[in-house]
Amino acid sequence: VVLGAEPVAGGLLDERAARERAAAVFAELGIDLALDAAVGALPVGAQQLVEIAKALAKHARIIVMDEPTAALSEREIDRLFAIVRRLRDAGAGIVYISHRMDELARIGDRITVLRDGRAIETRAVADFPVADVIRAMVGRELTAHYPELEAVRGDAVPLLEVRDLVRRPAVDGVSFSVRAGEIVGLAGLIGAGRTEIARAVAGADRPSGGSVLVGGRELRARSPRDAIRAGVAFITEDRKGQGLVLGMSVRENVTLAHLGAFARAFGLIDRRREVAATLREVEALRVRTPSIEQIVRNLSGGNQQKVVLAKWLLGQARVFLFDEPTRGIDVGAKAEIYRLMRDLAREGAAIVMISSDLSEVLGMSHRVLVVREGRIAAEFARPDATPEAVIAAAAGVAA
């Protein structure tokens, strides 16, 4: 509570004054916590209250709260809101950031909608109904051009089945399936648990409950290696940190997940076969590189993403998990990745696509699943997946 504004006597921390200040702030906020309790051992709600007490102890005139209720129970939220109102009434200015629409009327005086880094509209809460807020958040037509998706065959079988998957706190009982030839988009707000679902399916994180079936057979993925062997490819959102080894060549990155296929006696790599396979994928994806020996770090973002895709196309993957597949790449490279996804679906692959670009999700999905607070909150067939309906489901309000 006093960190950064410690009371000092004779050049040393005045422990008595520090305790008195913390106790006074706790009393003012109605917080009943032991001053000697380790903050790391407190529940998240109590940690949130300590943060607020810290701001109050410094006599802050402006307090910014970023998603303060994300991990709180309803009782803790009520308590937090009572404290916020008390701070406001005492003259503090509160900037309250939230994706939860129902909180706005409860706590706000005015609402400002931000989109793409700009302030779009500001109104008094009473004059800004939820439907108008959602329209301001959407704000644009789906003008991007996406390839035509072929309808999923009626007799297509599920290639990926996720049943009651759990990895708390981010994934809490998720179930869905993806058929051969189908692209299923996962929409939702930042922090809703979309990436965590993909990581659990791909073996990057071990789930604590539920099951994953690939082609009807249960996948017990103790690591990504098990998922790769089962035919699951995970195109991660962080291509530089998790999808590529930037200091290695295009060739080395493309074959990295499948070195066993190029092994000769004594564990040596058959370089000729490795080069041939890499050239085939690089040409098919039109990766712009002076050589397959070029260090990946030196490629553009779009071509780096194509190298990630080449790595997974080299194997025998039947299920593809695309997490933010077009983030940070140019329009031309986006179009090529969209065509690749369409072609994979045509060939019978099952695809899960996660994207924070709503138009991308709607334009490239046969079905849209909306993730909220670690659960599937809604499902929309392609004709029913409007921007307003998806955002409303993601925010937990009626469209």
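Modeller: Let us begin with strands. Two strands pair if DSSP finds at least two bridges between them. Please keep in mind that this is a predicted model.

Colleague: How many residues stand between β7 and β8 in their hairpin?

Modeller: There are 3 residues between the two strands of that hairpin. Strand β7 covers residues 158-167 and strand β8 covers residues 171-179; they run antiparallel and are joined by 7 bridges. Within this pairing, Glu161 stands opposite Ser177 of β8.

Colleague: Which residues does the cis peptide bond join?

Modeller: That bond lies between Arg168 and Pro169, with omega of about 10°. Pro169 is found in the loop between β7 and β8.

Colleague: How many bridges join β7 to β10?

Modeller: The two are joined by 5 bridges, and they too run antiparallel; β10 comprises residues 209-214. Val166 has Gly209 in β10 as its bridge partner.

Colleague: Let us turn to backbone angles. Where is Asp164, and what is its phi?

Modeller: Asp164 belongs to strand β7. Its phi is near 50°, a positive value in a residue other than glycine. Arg286 is another residue with positive phi, about 55°, and is likewise not a glycine. Arg286 sits in the loop between α10 (271-285) and α11 (301-313).

Colleague: Why does Arg286 count as partly exposed?

Modeller: A residue is buried under 20% relative accessible area and exposed over 50%, with partly exposed in between. Arg286 has a relative accessible area of 48%, and is therefore partly exposed.

Colleague: Which residues make the nonpolar surface patch?

Modeller: Ile62, Val64, Val95 and Ile97 make this patch, which is about 360 Å². Strands β3 (62-66) and β4 (93-97) each supply at least two of the patch residues. Val95, for example, lies in β4. Because its relative accessibility is 40%, Val95 counts as partly exposed.

Colleague: How is empty space inside a model found?

Modeller: Rolling a probe the size of a water molecule over the atoms shows where empty space is left. In this structure there is 1 cavity of 30 Å³ or more. The volume of the largest cavity is about 30 Å³.

Colleague: Which residues line the largest cavity, and which helix gives the most to that lining?

Modeller: The lining consists of Phe176, Leu186, Ile197, Ala198, Val201, Leu321 and Val352. Helix α6 (residues 194-201) gives the most, with 3 residues.

Note on methods
Residues numbered from 1 in each chain as written. Predicted model: local features only at pLDDT ≥ 70, side-chain atom pairs only at ≥ 80, totals over all residues. Heavy atoms only, no water. Helix = DSSP H or I, 4+ residues; strand = E, 2+ residues; numbered from the N terminus. Patch = residues over 30% accessible without salt bridge, like charges linked within 9 Å, V, L, I, M, F, W, Y side chains within 5 Å. Areas by Shrake-Rupley, 256 points an atom, 1.4 Å probe, with all protein chains shown as cover. Salt bridge = Lys/Arg side-chain N within 4 Å of Asp/Glu carboxyl O. Buried < 20%, exposed > 50% of the residue type's maximum accessible area, 1.4 Å probe, protein only. 1 Å grid on protein atoms, 1.4 Å probe; cavity = no way out; pocket = protein on both sides within 12 Å on 5 of 7 lines; lining within 4 Å. Points joined across faces, edges and corners; volume = space filled by probe spheres on them.
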